[in-house]
Amino acid sequence: MNKETREERILSTAREHFSMCGYYGARMDIIASESKINKRIVYEFCHTKEELYMMVLSDVSRNTAKIFDEWFETISQNTPNALYAGIIDTLENNPIFIRLWAWERLATTIHGPRILETCSSIFEKIRTNWRFFKFYWCS
């Protein structure tokens, strides 16, 4: 197995595990076991649980922001109903982001602002587009 595949497997497993257990409930030995990679190799990839969690938050936040940015580029062609449906569909298709956001709202870690800032950015774009639709709908 090459290094990139191994790292992606670790990150994929960590995303799922952190989203299910939160930072405080997650265990590195379980992440290693579920990814079928030796625990020592997991610690070579990221030296601490905190470092792995930061990597997961950055990755999930970046990917979710990218999905919303791409979706918002087409928003001017949609109706208010499409806005709501698009938001719900996008969030339903990103359960890891929602779960991490919920964990950070319940038990904030020092790294939670990454997820919370992404949420704030998304909600600000929704508010901005809602003003557009309110104007569009009433004119």
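Begin by selecting helices H1 and H4, which are roughly perpendicular to each other (an angle of 65 to 115 degrees). Helix H1 covers residues 3-25 and helix H4 residues 49-73; their axes come within 10 Å and cross at roughly 105 degrees. Axes here are lines fitted to C-alpha atoms over the stretch in contact, with angles from 0 to 180 degrees between N-to-C directions. Helices are DSSP runs of H or I with at least four residues, numbered from the N terminus.

The model is predicted: local features need pLDDT of at least 70, side-chain atom pairs count only at pLDDT 80 or more, and totals for chains, interfaces and linings use all residues. Residues are numbered from 1 along each chain as its sequence is written, and side-chain values use heavy atoms, without hydrogens and water.

From H1, select Ile10, Leu11, Ala14, Arg15, Phe18, Tyr23 and Tyr24; they meet Lys49, Glu50, Leu52, Tyr53, Met55, Val56, Asp59 and Val60 in H4.

Proceed to Asn94, in the loop between helix H5 (80-92) and H6. At 15% relative accessibility, Asn94 counts as buried (under 20% relative accessible area, with exposed over 50% and partly exposed in between; 1.4 Å probe, protein chains only). Leaving aside residues up to four places away in sequence, Asn94 touches Thr64 and Ile67.

Finally, select H6. Its buried residues are Ile96, Phe97, Leu100 and Glu104. They lie on the same side of H6, because they cover an arc of only 100 degrees around the axis, taken from the directions from the helix axis to the C-beta atoms. Turn to the face away from the buried side to find the exposed residues Arg105 and Leu106.

Conventions: Helix = DSSP H or I, 4+ residues; strand = E, 2+ residues; numbered from the N terminus. Parallel < 35°, antiparallel > 145°, perpendicular 65-115°, else oblique. Contact = heavy atoms within 4.5 Å.
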